[in-house]
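Take a moment to turn the model around before reading on.

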Amino acid sequence: MKDYACISAEEKVAGFVISGHTVQIEENGEYVAELFNSMEELEGVVVLKNKVPVGLIMKTYFFQKLSTPYGNSLYGKRPVSFLMETAIVTVDVNDDVDEISKLATNRAYSNLYDYIIVTQNASYRGVISIRQFLVALSDRNKEQLVELKLQNEKELSLISSLREKTQSVRNLLDNAGQGFLSFGADLMVKSEYSSECCKIFDSEISDQNYLQLIAPYFDDGKKSILLSILESFFAAREYICESAYLSLLPPEAVVNGRSIFFEYKRIQGITGKDVMVILTDITEKKEMEKALEQDRETQRLIIKAITCKSELIQLINDFDGALQTSFGLYENQSDRKEFLLHFFRTIHTFKGDFAQYSFHNAMRTLHVFENRIQSLLNSSEIEIREIEEIINDAKDASILKIDMDTAEASLGSGYFSESRDISITEERMAVVFDDISAIISDGEKEAVKNAYHRLKHRNLKTILLDHKDYITYLAGRLEKGQPEYVVTGDNVYIDSNIYSPVLKNLIHIFRNSLDHGLETEEERVLLNKNPCGTITCAIKRNCDRFSIEISDDGQGIDVEKLKAKAVEKGIFTEGQLAEMDKAALFDLIFIDNLSTKASVSQVSGRGMGMSSLKNECLQLGGSISVDSEQNKGTKFTISLPLFH
Amino acid sequence: MKNFMIVDDSMMIRMNLKRIFEGCGHKVVAEAANGKEAVEKYVQHKPDVITMDITMPIMDGIEALKEIKKADRSVKVIMISALGQEVKILEALNNGACHYILKPFKEADVIRMVESVITTPETAAI
């Protein structure tokens, strides 16, 4: 419509001009009569004086004049100036067509159909016949109407095809299995969103504030930053920043029991930038991943249960015993803190042990207990009620049950209780050997004694090699390369019962090497070290003693961090530390609660393992020392008496 | 080819980033181990792109960012941050950092980020 209005307003007079007929003002009436008689369709003639129109003689008017009495003689011989109408209407060729209609219709009724004279620079150019003008106008209107009708039809079909398209896009979105929604700077969800959104949020979401919509599914810490991030996004002028802001939004939440992944994209809206949110239900995916990881854990557990059956049975019994000891200690111990520290160490040690044997559930449960005891230890006032709560929970928890059940589900129930090995107590075995010795010759006695020792003793190398699987597993968890694990040196046969407290605690050294000592593969390559690193156990026998040197080729102990920690924990003052030599400083590593790791992981970082290892060494009349060189590595030397 | 400055208190990280940037054909014109050093070296070397650790001794990355941005609005600063520092990152972005990289980072992610920062026009087409 608008288009046509424009055309008609701008259309010029020129389009309607016909050349018309003219006479000079000197001509007489007969000449004009001749013109009208020779051209039946001629409506009128324009009278010119030197090219300038001065009058108009319309045919009807002319013959009216001539038909009066004496008209012919009166006007026939006289100049046309006597005949002509001088009140003429002139327009310029460049005037708008509108002008014609106005001028024409403002005339007296009798003159309505008079020519309108068209000039160009005041000179005659032509005329507009009102009759022909009206015919032309009506033709044009018809054309315009047809055009309009066509246009209208087109628009209608556009609208319907748009509707169709919208519907098909909507169908696509509704059936994509993902939620799509968008919002602008006012954070109100726009009405175009896919039906999956309603399923996810369990309500209609249009015209809701997006933040209010999702806030219930995030904790307070996240909630407070959501608004700041979105405000910053909408205020941002730099393109690259915008994606940075959106990527700060938390990508995952549990919404109505389903794990939902939130993807944010910047889109261009009509009035400015908008945010599009794509919601994907990843519940199944997460469950599958979890199940897969559980399968892997179960596999490792079963392999351990098969290959290390007797050690595991021993460990399970030790753990039960240790818990009973702890509980007993509580009954008799008046110092609550002392008890908790002991309990903590016990749990910490066994957490490591069970990790070694892939008892993952036990490890996790013990980690939770550790956290609870730790927070009690950190509190200023320790309530008896709180300690008893932990003890009762530990008694009820059946900490090992899930892992044992898992193993027994594959290996048969009672796998851990009825060992196929003959198991007799040491005292009973001693009696049996005494009985045998009583009936054999002296020469044979030596052989029997050796056999007896061999039964009780194992090669230390074999025992140390048992740690290999644990190291492999742990390196994987820490995303470090697999280090080479080497056991070398003398063959020393030991009674593992005597040394088991120390041997079990060696795990803390391996953990520290993997977690703190050995660099990542990338870092090692940069330092021109072999990518994976090496952990070496070297055994030396020296008369009635033996030593184990456990070394790694990692980055060494960070003495500065150790010192800082010692000051922070209030164990030493900076003045005291300044007077210590290197060995004394390294010894800080054996102090309870001193870990240089910033956060506590399930792997290491409590700073308790090293102190229990040292305790156990001292208990056996042994010693432990550590030496370390920046970027070269760390070496622990354990020296122990050899008991037969 | 762009000129880079790497700001991080860990020598290991600096070496690592330097190798990555040089591998992409860029030039590392300066390195700094804390914010104060970064501001000083910035004035000297006027790099095009800066990678800035957030937690550093003496002067942290956010302070250094503010100082540098005060002197030159056009320099592109990419923050390097550990996980869980969203609030700090937001503060950095609001103070003119153009993006961020989370530690521990993968080489491919760093390259992608740097390329996108270099090639993306500063202002969105409206």
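The buried residues of helix H2 (residues 29-38) of chain A are covered by elements of chain A that include strand E1 (21-24), strand E2 (44-49), strand E3 (52-58), helix H3 (59-67) and helix H4 (71-76). Helices (H or I, at least four residues) and strands (E, at least two) are DSSP runs, numbered from the N terminus. This is a predicted model, in which local features need pLDDT of at least 70 and side-chain atom pairs count only at pLDDT 80 or more, while totals for chains, interfaces and linings use all residues. Residues are numbered from 1 along each chain as its sequence is written, chains are lettered from A and ligands numbered from 1 in the order in which they are written, and side-chain values use heavy atoms, leaving out hydrogens and water.

Which residues of H2(A) are buried? They are A:Gly29, A:Val32, A:Ala33, A:Leu35 and A:Phe36, where buried means under 20% relative accessible area, exposed over 50% and partly exposed in between (1.4 Å probe, protein chains only). Seen down the helix axis, these buried residues fall within an arc of 160 degrees, so they line one face of H2(A); the arc is that of the directions from the helix axis to the C-beta atoms. On the face turned away from the buried side sit the exposed residues A:Glu34, A:Asn37 and A:Ser38.

Now for a sheet. Three strands of chain A form an open sheet in the order E4-E5-E6, with mixed pairing; two strands pair if DSSP finds at least two bridges between them. Its edge strands, E4 (90-92) and E6 (123-128) of chain A, each pair on one side only. Strand E5 (residues 116-120) of chain A pairs with E6(A) in the antiparallel sense over five bridges, and A:Gln120 has A:Ser123 in E6(A) as its bridge partner.

Next come two nonpolar cores, meaning sets of buried Ala, Val, Leu, Ile, Met, Phe, Trp, Tyr and Cys residues joined through side-chain atoms within 4.5 Å.

| Core | Size | Residues include |
|---|---|---|
| Largest core | 60 residues | A:Leu181, A:Tyr210, A:Phe262 |
| Another core, apart from it | 49 residues | A:Leu460, A:Ile494, A:Phe590, A:Ile624 |

Finally, how many helices and strands does chain B have? Chain B has five helices and five strands, running β-α-β-α-β-α-β-α-β-α from the N terminus on. Of its 126 residues, 48% count as buried.

Conventions:
Contact = heavy atoms within 4.5 Å.
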